[in-house]
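Here is a briefing on one protein model. Look at the fold first, then follow the points below.

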Amino acid sequence: MHKRKLGKSDLEVSAIGLGCMGMSHGYGPASDKKEMISLIHAAIDRGVTFFDTAEIYGPYLNEELVGEALAPFKGKVVIATKFGIQMANGKQVLNSKPEYIRQAVEGSLKRLKVDTIDLYYQHRVDPNVPIEEVAGTIQDLIKEGKIKYWGLSEAGVETIRRAHSVQHVTAIQSEYSMMWRSPEEELLPALEELGIGFVPFSPLGKGFLTGTINKNAAFVNSDFRSIVPRFKPENIEANQVLVELIKNIAAKIDATPAQIALAWVLAQKPWIVPIPGTRKLERLEENLGAANVKLTSEELRNLGDALAKIEISGDRYPAEYANRVGK
């Protein structure tokens, strides 16, 4: 597995990471813990060194899983986790008050079984706490040795600039794929200017770009996609035009649709590290195989022209979640 550096930092990780959320949160009932630990170990065997989790996934279950799975590999892997969302009366609420961040970091350190968190993201920007105050708290935690690097998830460009002016931001995490290209407008140019790495989640469009989801797909209530407008039957049907485009390219170069989708993300910038998630070994191997799929400049140009003509149907978030991004 090739390695990449996140922006101009010295944080080097595998070119493709592993998003662990879906193993215990967001995509239906949690999977068997032993099976998921085995899958994480299989990822390490195949060269993955970058693993993503968060306090709210579960809550806590996912950090506990990742901590147990990676305990034998201290110093050999990079663990990213997140603070800033907590449960209150069954609902997610934003909280990035300094005292909460300090409480959250101690909980994550314990669950992850580490002395220092490699990469600590603010999960969503808290409109009630100035980002400079958050960055200052992070700066103190870095000095104390509690965390090494920090980042923000789904933050707006101005917030990123303000945060970066207080404490160097190593990485920004946001959704990015052939299906969601908005980061190209403002975010990617800003990250390049500031020397910040980019970690796209859902690089396979929450599974859609694998070509395995059609209008008859049914999602259980604990699967986040059950409330996502993009996954309503009429939008799934309308968006098949994108899947067909990807399938055609995949067939020409003996790759799978998922590999084309990931190879496209990797080809955009050398400081981009996608973190597709999975619960299955065959999908893990398929995703990691994308690191060896090289799209030519002509193929990328043709793909870009084709993508520009496709209008994606359906929002990527329901309104209550859409209100928390790009702040």
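Two strands pair if DSSP finds at least two bridges between them. Helices (H or I, at least four residues) and strands (E, at least two) are DSSP runs, numbered from the N terminus. This is a predicted model, in which local features need pLDDT of at least 70 and side-chain atom pairs count only at pLDDT 80 or more, while totals for chains, interfaces and linings use all residues. Residues are numbered from 1 along each chain as its sequence is written, and side-chain values use heavy atoms, with hydrogens and water left out.

**The sheet**

- Strands of a sheet pair through backbone hydrogen bonds, either parallel or antiparallel.
- Here, seven strands form an open sheet with parallel pairing. Their order is β3-β4-β5-β8-β9-β10-β11.
- β3 (18–19) and β11 (197–201) stand at the edges. Each has a single partner strand, so one side of each is left without a neighbour in the sheet.
- Strand β4 (residues 50–52) runs parallel to β5, and three bridges join them.
- Two facing positions can be picked out. F50 stands opposite V78 in β5, and D52 stands opposite A80 in β5.
- Strand β8 (residues 117–122) and β9 also pair in the parallel sense, over five bridges. L119 has Y149 as its bridge partner in β9.
- Helix α6 (residues 187–194) lies across β10 (171–175) and β11. α6 runs at about 145° to β11.

**Buried strands and the core**

- Buried means under 20% relative accessible area, exposed means over 50%, and partly exposed is in between (1.4 Å probe, protein chains only).
- V78, A80 and K82 point one way from β5. I79, T81 and F83 point the other way, and all are buried.
- Strand β9 (residues 147–153) is mostly covered, with six of its seven residues buried.
- In soluble globular proteins, nonpolar side chains tend to be buried together.
- A nonpolar core is a set of buried Ala, Val, Leu, Ile, Met, Phe, Trp, Tyr and Cys residues joined through side-chain atoms within 4.5 Å.
- The largest nonpolar core has 107 residues. F50 and F51 have the most contacts inside it.
- Helix α9 (residues 257–268) gives the most to this core, with eight residues.
- Contact means heavy atoms within 4.5 Å. Leaving out residues up to four places away in sequence, F50 touches a list of residues that includes L6, V13, L18, V78, A80, L119 and I275.

**Helix packing**

- Two packed helices are described by the angle between their axes and the distance between the axes.
- Axes are lines fitted to C-alpha atoms, for helices over the stretch in contact, and angles run from 0 to 180 degrees between N-to-C directions.
- Helix α2 (residues 61–70) and helix α3 (residues 98–112) pack at an angle of about 45°. Their axes are 7 Å apart.
- α2 and α3 are therefore oblique to each other. Angles under 35 degrees count as roughly parallel, over 145 as roughly antiparallel, 65 to 115 as roughly perpendicular and the rest as oblique.
- On α2, the contact is made by E63, E64, V66 and G67. On α3, S108, R111 and L112 take part.

**Helix α10**

- E286 is placed in helix α10 (residues 281–288). Is E286 buried or exposed? E286 counts as buried, at 14% relative accessibility.
- Not counting residues up to four places away in sequence, E286 touches T256, A258 and Q259.
- L284, E286, N287 and L288 are the buried residues of α10. The buried residues of α10 pack against β3, α1 (33–45) and α9.

**Backbone details in the loops**

- The peptide bond from G58 to P59 is cis, with omega near -10°. P59 lies in the loop between β4 and α2.
- Y60 is in the loop between β4 and α2. Y60 is not a glycine, although its phi is positive, at about 75°. Y60 is partly exposed, with a relative accessible area of 40%.
- N89 is found in the loop between β6 (85–88) and β7 (91–94). N89 is not a glycine, yet it has a positive phi of about 55°. N89 counts as exposed, at 82% relative accessibility.
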